[in-house]
Amino acid sequence: MATVDIRQVRKAFGSTQILHGVSVAIEDGQFVVLVGPSGCGKSTLLRMLAGLENITGGEIAIGGRVVNNVPPKDRDIAMVFQNYALYPHMTVFQNMAFSMKLAGAPREVMEREVQKAAKILGLEQLLHRFPRQLSGGQRQRVAMGRAIVRNPQVFLFDEPLSNLDAKLRVQMRAEIKELHQRLKVTTVYVTHDQIEAMTMADLIVVMNHGRVEQAGQPLELYDRPANLFVAGFIGSPAMNMMEGRVEGGSFRGPGDVAWPLPLNGAPPPGGEVIYGIRPEHLRLDPEGLPATVHVVEPTGSETQVLMHVGGANLIGAFRERIIAKPGEILKVSPETSLVHLFDKGTGQRVGN
């Protein structure tokens, strides 16, 4: 196991800047998720960690050793790819043992390590099969097993679940998290799926346009987003946001509707701000603001309602089983302790 230190790392392809001085400190044994939209630079950063991309500027250190010019095979890392990257003409055993064979490991050592990894991953009965005879989830386990037998200092995962169906993704992310808890190997995991990030990570690094917007524990990012981008990216459905102004002890939003200010102990700024409230933090309230129903979407565990309040389109996520038709009126109020204000000019969150 090892720490990973990314210090002011930059990447450029010609005159095009991809990463702009990214810094992340990863502790020994930590599970870190790099998350962000397509094109934000997260996969490029992972490939630089693996040694598959050159570093334009800055430093990457693994276990205290700067690896900028160290070949991938000498970095003591193992990478699991999105497309599994299995050899089709090799059995599961041969795929998992391949790196050990290249290193000249004795047959008995390969047998022992492959059997150990197969037991961890539930592959013991599949070692004689070829990749074409496996399901998507089984192939992903083989790719993980191939990484485990190397006994690396750091695991790197590049969107490993994106080719799986929804049910299998849920199952596999739990298995990967359980595997990490068992092996306690430092892990860097790339995904564009914020649900994966929230459920798996010890530390989430939110990236956008080659920069780190915020790094923190999952609930820290959910409860205290640093800016508008993080607030809108973390959480599903996304946070409701309204432009308006603070006036007379309340927020005046679209349609001049008065919304209560957040109870976070911060003096509300004057002038124009952006008011944020998550769909799950709206509640039905007989004394609340009138909301015109547009669409009702029952999901089983909750009911999502697309509604119109003043001049704003909002989504509410309610635990109640709401039966309402388009055009009907519901009364809603925000949980004022969970409201956020953002500076309209800078996009930064205001308050504690």
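In helix α4, Gly136, Gly137, Gln140, Arg141, Met144 and Ile148 meet Leu168, Gln171, Met172, Glu175, Ile176, Leu179 and Leu183 of helix α5. This contact divides into seven nonpolar, four polar and two charged residues. The model is predicted.

**How α4 and α5 pack**

- Two packed helices are described by the angle between their axes and the distance between the axes.
- The axes of α4 and α5 come within 11 Å.
- They cross at roughly 20°.
- Angles under 35 degrees count as roughly parallel, and α4 and α5 are therefore roughly parallel to each other.
- The crossing of α4 and α5 is right-handed.

**Gln140, a residue of α4**

- Gln140 is found in helix α4, and Met172 is among the residues that it touches.
- Gln140 has a relative accessible area of 0%. Buried means under 20%, so Gln140 is buried.
- Leaving out residues up to four places away in sequence, Gln140 touches Val80, Phe81, Gln82, Tyr84, Pro160, Leu161 and Met172.

**His180, a residue of α5**

- His180 has its place in helix α5, which covers residues 166-183.
- The relative accessible area of His180 is 9%. The cut-off for buried is under 20%, so His180 is buried.
- Its contacts include Gly29, Gln30 and Phe31.
- His180 also touches Val185, Thr187 and Asp202. Residues up to four places away in sequence are not counted here.

**Helix α2 and its cover**

- Helix α2 spans residues 92-102.
- Its buried residues are Val92, Phe93, Asn95, Met96, Ala97 and Met100.
- What covers these buried residues includes α3 (107-121) and α4 (136-148).
- Gly104 follows α2, and its phi is positive, near 80°.

- Strand β9 holds residues 203-208, and strand β10 holds residues 211-216.
- Five bridges join β9 to β10, and the two strands run antiparallel.
- Val205 stands opposite Ala215 in β10.
- Two residues lie between the strands of this hairpin.
- His209 takes a positive phi near 50° in the hairpin.

**The open sheet of six strands**

- Strands of a sheet pair through backbone hydrogen bonds, either parallel or antiparallel.
- Six strands form an open sheet in the order β13-β12-β11-β14-β19-β20. Their pairing is antiparallel.
- The edge strands are β13 (258-260) and β20 (349-350), and each pairs on one side only.
- Three bridges join β12 (residues 250-252) to β13, and these strands run antiparallel.
- Phe251 stands opposite Trp259 in β13.

**The open sheet of four strands**

- Another open sheet has four strands in the order β17-β16-β15-β18. The pairing is antiparallel.
- At its edges are β17 (312-318) and β18 (329-334), each of which pairs on one side only.
- From one strand to the next, the twist averages 50°.
- β16 (residues 303-309) and β17 pair in the antiparallel sense over seven bridges.
- Leu306 stands opposite Ile315 in β17.

Terms used
Residues numbered from 1 in each chain as written. Predicted model: local features only at pLDDT ≥ 70, side-chain atom pairs only at ≥ 80, totals over all residues. Heavy atoms only, no water. Buried < 20%, exposed > 50% of the residue type's maximum accessible area, 1.4 Å probe, protein only. Contact = heavy atoms within 4.5 Å. Pairing = 2+ DSSP bridges. Axes fitted to C-alpha atoms, helices over the stretch in contact; angles between N-to-C directions. Parallel < 35°, antiparallel > 145°, perpendicular 65-115°, else oblique. Left-handed = near helix turned anticlockwise from the far one by under 90°. Nonpolar A, V, L, I, M, F, W, Y, C, P; charged D, E, K, R; others polar.
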